[in-house]
Amino acid sequence: MSDRLGVLKTYKLFVGGKFPRSESGRVYEVTAATSAGDTAGEGAWLANAPLSSRKDARDAVVAARKAFGGWSGATAYNRGQILYRIAEMLEGRRGQFAAEVADAEGLSAAEAAAQVDAAIDRWVWYAGWSDKVAQIAGSANPVAGPFFNLSTPEPTGVVAVLAPQESSFLGLVSVIAPAVVTGNTVVVATSERAPLPALSLGEVLATSDLPGGVVNVLSGRTAEIAAPLAAHQDVNAIDLAGADAALAKDLETAAADNLKRVLRPSATDWTADPGTDRLLAFLETKTVWHPIGI
């Protein structure tokens with residue numbers, strides 16, 4: 001019998017393609033869920049997660065803005081390739097993520113594995129949309145005159161995302177993937193009680209050809225992270241999936257200051273077909289007129 005001590009994992013933030021600790025030095029205890037749907041988190045200790053500060057949120061926005069030009073300018077085909085690569089990397093780490101999801105959500109091993117498989121498949125599904133979304137969001141418009149009138153979708157910019165609280169991995173992927181595949185960059189606040197699968201996802205993103213800063217992952221108190229993101233003048237849109245009604249109202253008020261696009265929270269079955277709503281939620285439409293014959 002070996003008396004070797006195991007090596008405990010140190011979970012870190014993922015900002016700008018790097019793995020910093022919170023600038024505040026703070027952490028908080030993450031504990032296992034004792035049953036499916038448990039929100040108290042009173043099970044066994046799992047890890048200490050970084051407790052992000054307002055400055056961490058601002059640093060993540062800076063990284064996301066820096067990455068936006070290159071990512072939005074990449075071809076749709078290239079973005080699809082990278083999302084597929086993320087799915088490939090996750091496939092090789094299914095066991096790790098299934099264990100983390102089981103602990104986070106109080107699921108059986110089989111239930112957690114099904115959640116991870118669905119999340120991997122969702123990356124593939126959105127990867128396939130990368131070079132097709134323009135066909136459903138763009139158009140050639142009939143006009144009265146000798147002109148071509150063409151409308152094409154373009155990414156909104158930097159999107160703040162509050163990940164679902166109850167679905168630590170499948171829900172997380174379901175809000176990140178549609179935003180990035182259309183060319184946006186993302187700052188995501190993880191599930192407050194169950195951040196570990198999201199922090200591990202950062203390790204996968206770092207080794208999947210995704211440029212640094214395209215996805216930035218912050219763990220901690222959702223309200224504390226969300227407040228500076230909602231009020232930030234360089235954040236173009238916010239997805240409130242992980243906010244309760246009271247927090248969502250406050251954040252929507254803060255977001256109005258620079259006319260952010262806001263996706264309100266709603267009851268969502270993350271295991272269902274996601275449809276195209278989130279693909280289209282953070283796109284702007286550019287319309288160009290061009291004379292015929294020139």
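1. Val187 stands opposite Asn216 in strand E7. Strand E6 (residues 185–189) and E7 are joined by 4 bridges and run parallel. Helices (H or I, at least four residues) and strands (E, at least two) are DSSP runs, numbered from the N terminus. Two strands count as paired if DSSP finds at least two bridges between them. The model is predicted: local features need pLDDT of at least 70 and side-chain atom pairs count only at pLDDT 80 or more, while totals for chains, interfaces and linings use all residues. Residues are numbered from 1 along each chain as its sequence is written, and side-chain values use heavy atoms, with hydrogens and water left out.

2. E6 and E7 belong to an open sheet of 5 strands, in the order E7-E6-E5-E8-E9, with parallel pairing. Its edge strands are E7 (215–218) and E9 (261–263), each of which pairs on one side only. From one strand to the next, the twist averages 15 degrees. Axes here are lines fitted to C-alpha atoms, for helices over the stretch in contact, and angles run from 0 to 180 degrees between N-to-C directions.

3. Two helices lie across this sheet. Helix H1 (residues 54–73) lies across E5 (158–162), E6 and E7, and runs at about 155 degrees to E6. Helix H8 (residues 222–231) lies across E5, E6, E7 and E8 (237–239), at about 160 degrees to E5. Contact means heavy atoms within 4.5 Å.

4. Another open sheet has 3 strands in the order E3-E4-E10, and the pairing is antiparallel. Strand E3 (139–140) and strand E10 (283–291) are the edge strands, each pairing on one side only. Strand E4 (residues 147–155) is joined to E10 by 9 bridges. Phe148 has His290 in E10 as its bridge partner.

5. Helix H6 (residues 170–181) is largely enclosed by the rest of the structure, because 12 of its 12 residues are buried. Buried means under 20% relative accessible area, exposed over 50%, and partly exposed in between (1.4 Å probe, protein chains only). Among the buried residues of H6 are Leu170, Ser174, Ile176, Pro178 and Val181. At 1.5 Å a residue, the 12 residues of H6 should span 16 Å, and the end C-alpha atoms are 16 Å apart, which agrees. The expected span is 1.5 Å times one less than the number of residues. H6 is followed by Gly183, whose phi is positive, near 105 degrees.

6. The largest nonpolar core has 58 residues, of which Leu90, Trp123, Phe169, Ile176 and Leu201 touch the most other members. H6 gives the most to this core, with 9 residues. A nonpolar core is a set of buried Ala, Val, Leu, Ile, Met, Phe, Trp, Tyr and Cys residues joined through side-chain atoms within 4.5 Å. Leaving aside neighbours within four places in sequence, Leu90 is in contact with Phe97, Ile120, Trp123, Phe169, Leu201 and Val204. Apart from this core lies another, of 25 residues, including Ala64, Leu162, Ile225 and Ala226. In soluble globular proteins, nonpolar side chains tend to be buried together.

7. The buried residues of H3 include Phe97, Glu100, Val101 and Glu105. These buried residues pack against helix H2 (76–91), H4 and H7. Just after H3, Gly106 takes a positive phi of about 65 degrees.

8. Ser130 lies in the loop between helix H4 (109–129) and helix H5 (133–137). Is Ser130 buried or exposed? Ser130 is buried, with a relative accessible area of 6%. The side chain of Ser130 reaches the backbone oxygen of Ala127 at 2.9 Å. Not counting residues up to four places away in sequence, Ser130 touches Ala76, Gly80 and Val181.

9. Asp209 has a positive phi, near 70 degrees, and its place is in the loop between helix H7 (196–206) and E7. Asp209 counts as exposed at 56% relative accessibility. Leu259 has a positive phi of about 60 degrees although it is not a glycine, and it lies in the loop between helix H9 (245–255) and E9. At 75% relative accessibility, Leu259 counts as exposed.

Notes. Polar contact = N/O pair within 3.5 Å; in protein donor to acceptor, adjacent residues only side chain to side chain.
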